[in-house]
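Please work through the exercises below with the sequence and the structure at hand, and try each task before reading its solution.

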Amino acid sequence: MKKKTLAGLIALGVLIVPVLCYTVIVNKNSSGIADEPAFRTSNDIANEETVYLDDEAIALADSSGNTTSLRSEALRAYNLVNEQRTAAGLPALTWDSGLETVAAVRAQECSISFSHTRPNGRAWYTVNSAIQGGENLAFGYNDANSALNAWMNSPTHRENILYPTFTRIAISLYVSDNGTYYWAQEFGY
């Protein structure tokens with residue numbers, strides 16, 4: 001009986017140790033991207049019966065005091081996106097102020113819950129569903145080059161960046177109290 005118990009404990013240890021090691025490694029990561037796709041077609045937007053507009057979140061984002069240096073880094077990322085599109089034979093995207101406001105909301109929200117699901121439990125596009133067609137998120141990247149490289153190395157994020165019928169974009173950064181950078185890249189038609 002003791003041999004079976006010992007064997008069972010050893011087998012359990014063999015299973016638990018790798019899971020604990022993986023958890024420690026994942027939690028030490030200081031950067032990442034949201035893996036699930038965040039994309040809607042223009043038909044999805046046009047045929048939507050209820051248009052979501054989160055006025056309260058937008059008002060908070062507009063009063064956040066996003067610094068000039070963060071906006072400059074977002075504009076650098078915007079230029080890098082358009083370089084990628086040009087290299088792929090696609091037209092450049094136009095910066096959109098409405099999407100910039102949405103991106104500011106989403107970047108702040110990602111510091112609370114890093115996901116395409118908003119902290120209130122709603123889908124990512126419910127900040128302003130009339131204009132949001134795609135979303136890329138990232139955290140921990142302190143400059144435009146590293147954030148864009150992460151997105152371009154991910155098939156779903158790359159697909160949003162190079163989606164031929166997107167015409168508009170905005171990117172926003174939010175820096176949390178602990179110094180972590182949160183990026184939101186919003187696309188529209």
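**Exercise 1: the pairing of strand 4**

Strand 2 (residues 94–95) and strand 4 run parallel and are joined by two bridges. This is a predicted model, in which local features need pLDDT of at least 70 and side-chain atom pairs count only at pLDDT 80 or more, while totals for chains, interfaces and linings use all residues. Residues are numbered from 1 along each chain as its sequence is written, and side-chain values use heavy atoms, with hydrogens and water left out.

Task: Which residue of strand 4 is the bridge partner of W95, and how many bridges join strand 4 to strand 5?

Solution. Begin with the terms: strands are DSSP runs of E with at least two residues, numbered from the N terminus, as are helices (H or I, at least four residues), and two strands pair if DSSP finds at least two bridges between them. W95 has I169 as its bridge partner in strand 4. Next, strand 5 (residues 181–188) runs antiparallel to strand 4, with eight bridges between them, and there I171 is partnered by Q185. Finally, these two strands form a hairpin with five residues between them, and G179 in the turn has a positive phi of about 90 degrees.

**Exercise 2: burial and helix 4**

Task: Is strand 4 mostly covered or uncovered, and which elements do the buried residues of helix 4 pack against?

Solution. Taking buried as under 20% relative accessible area (1.4 Å probe, protein chains only), six of the eight residues in strand 4 (residues 168–175) are buried, leaving it mostly covered. In helix 4 (residues 68–87), the buried residues include L70, A77 and R85. The buried residues of this helix pack against strand 2, helix 6 (144–152), helix 7 (155–161), strand 4 and strand 5, where contact means heavy atoms within 4.5 Å.

Conventions
Buried means under 20% relative accessible area, exposed over 50%, partly exposed in between (1.4 Å probe, protein chains only). The expected span of a helix is 1.5 Å times one less than its number of residues.
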